[in-house]
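The following questions and answers are intended for a reader meeting this model for the first time.

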Amino acid sequence: MIRDRLFNKIDFHHENLKKKQSQLLYANEGLNKKIGLAYIPAININIPVDSLGSYTYFKTIKLNEVLFLRKNIANLDDKALFWVRKIYSFLEYRLSSITNRIKINYNNKKDRIIFIQNIITLMLEYYDISKDVRYLSIALKLLRIKSISKLSISDSSTSAQYSYNFLFAYSLTKEL
Amino acid sequence: MQKKVAIISPNPKSFYSTSVSELLIRNGVKIEVVFIKKFTIGRFKDEFSRDGLRLIKKIWKKLVLKDDAYNRFTEIENILSFREKENINLDNLTELRNKGVDVYFVDDLNNDFVENTLKEKNVDLTVFTGGGLIKKNILDVSGAGVLNCHMGKLPEYRGMDVVEWPLLLKDFENVGFTVHFMDRGVDTGDILEVFDVKLHDNENIKMLRVRFEPLMTNKFVDTIIGFLKGEVKRKKQEEIDGKQYYIIDEYLYRLSDKNLQEFTKSN
């Protein structure tokens, strides 16, 4: 495997995830086993979204919609696919300003981190299903942005979802 | 009747822009007007927000190192050796003023001045050698249109880093470049010609990109001449035929380089 400054502290992220796994909102047991996270059970919080409306702007989307897409990743209909593609395009197009842009979606930094990290998970899960490597690329680029991975400069504030994404991305890149 | 073109350029000393311009003149094409994008703080901010640190590397290579950027690549045909071989002497687009060509530095390639000047000049074609997006108002007053040479094979590989993406995907047969008309989409305009670039032994991405430059320069000019003579026809692209790619993540860049080196390793 090629060395990369992103994939440091693998053990740290396993420990962080084990400690904070109750913070995860959704995790697929089968996928967890496949990517070396068998210690994470199935997690499926109640998502108060039965179906998606029409995609309008990135700034109006909410965490529940992202979780809905993640939950249905294996069976996306045309409308849901459109959502995933539009989110992807927005992320690529606005990557350099994403830290500021998600402030429109969520005021609170903790909520923003949960939101964007679940979007990263969505990109990774879509790559896993579709093998469209562009989605892996955007996820990796986003994972490099430290300000959306943790609440403060301290490693101990690293979010559970970030550690999940880190280990998920690490597993996927090993397969390439 | 002599055909007239406009040139759009990001930098008056661009090896690519000056080489294309001189070769067109040698082939009997009249350059009516040249628009060069000014290097301003605003331009730097826009490009930095899109390209990040890559922009700093690009500026270092093109504006600081210049010829020295090719010191490590003397074993392969690069744009400097190509210029020497073809006896291309134009170093700065502003020298074209001595030949009666109007050369303008502009803040915005899509502004009213550019639009009105193109209308007045009534060119047969506009040749794009870099400088950013071109909008509809300019596309509409550029004769047959604005021609670009895209560093990837269309329709499959639209967008950015399209030398790297096929290598990442081990799609080694689809490394090449395309001469196409610009339209409002990203690399979706009518295609004139698609060219393959054959990979050489023991190649890496930096070497490959250096090799692309003279190949693109040469074939771009040939295709422009062919089009102006009516010998090359436009072919429509369907939007659904290709994917748009963006800047490749640095890990995937290194992987694409590794794939290329492994594929081209000679025994």
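Predicted model: local features only at pLDDT ≥ 70, side-chain atom pairs only at ≥ 80, totals over all residues.

Residues are numbered from 1 along each chain as its sequence is written, chains are lettered from A and ligands numbered from 1 in the order in which they are written, and side-chain values use heavy atoms, with hydrogens and water left out.

Q: Why is B:D187 called buried?
A: The relative accessible area of B:D187 is 14%. Buried means under 20% relative accessible area, exposed means over 50%, and partly exposed lies in between, with a 1.4 Å probe and protein chains only. B:D187 is therefore classed as buried.

Q: Where does B:D187 lie in chain B?
A: B:D187 belongs to the loop between β7 (176-181) and β8 (191-196) of chain B. Helices (H or I, at least four residues) and strands (E, at least two) are DSSP runs, numbered from the N terminus.

Q: What is the nearest side chain of opposite charge to B:D187, and how far away is it?
A: That side chain is B:R158, 6.8 Å away. Lys and Arg count as positive and Asp and Glu as negative, whereas His and the chain ends are not counted. A salt bridge requires a side-chain nitrogen of Lys or Arg within 4 Å of a carboxyl oxygen of Asp or Glu. B:D187 has no salt bridge.

Q: Which residues touch B:D187, not counting residues up to four places away in sequence?
A: They are B:N148, B:H150, B:L154, B:R158, B:G159, B:H180 and B:Q237, where contact means heavy atoms within 4.5 Å. A polar atom of the B:D187 side chain also lies 2.7 Å from the backbone nitrogen of B:G159.

Q: What makes the phi of B:D187 worth noting?
A: Phi of B:D187 is near 55°, a positive value in a residue other than glycine. Most residues other than glycine have a negative phi, and most peptide bonds are trans. B:N87 also has a positive phi, of about 60°, although it is not a glycine. B:N87 is placed in the loop between α4 (79-85) and β3 (102-106) of chain B.

Q: Which peptide bond is cis, with omega near 5°?
A: The bond from B:L154 to B:P155 is cis. B:P155 sits in the loop between β5 (146-150) and β6 (157-159) of chain B.

Q: How do you know that B:R254 and A:D4 meet in a salt bridge?
A: The N to O distance between their side chains is 2.7 Å, and the limit is 4 Å. The pair crosses between chains, from B:R254 in helix α9 (residues 250-263) of chain B to A:D4 in the segment before α1 (10-20) of chain A.

Q: Which residues are linked with A:D4 and B:R254 in a network of salt bridges?
A: The network also includes A:R5, A:R144, B:D249 and B:E250. A search of the whole structure finds 30 salt bridges over all chains.

Q: What makes B:E262 and B:K258 a salt bridge?
A: Their side chains meet at 3.6 Å, N to O, against the limit of 4 Å. Both residues lie in helix α9 of chain B, 4 residues apart, about one turn of the helix. B:E262, at 49% relative accessibility, counts as partly exposed, and so does B:K258, at 39%.

Q: Why does B:W60 count as exposed?
A: B:W60 has 51% relative accessibility, and therefore counts as exposed. B:W60 is found in helix α3 (residues 53-65) of chain B.

Q: Why is B:K206 called partly exposed?
A: The relative accessible area of B:K206 is 47%, so B:K206 is partly exposed. B:K206 is part of helix α8 (residues 205-228) of chain B, and touches B:R72, B:F73 and B:Y253, not counting residues up to four places away in sequence.

Terms used:
Polar contact = N/O pair within 3.5 Å; in protein donor to acceptor, adjacent residues only side chain to side chain.
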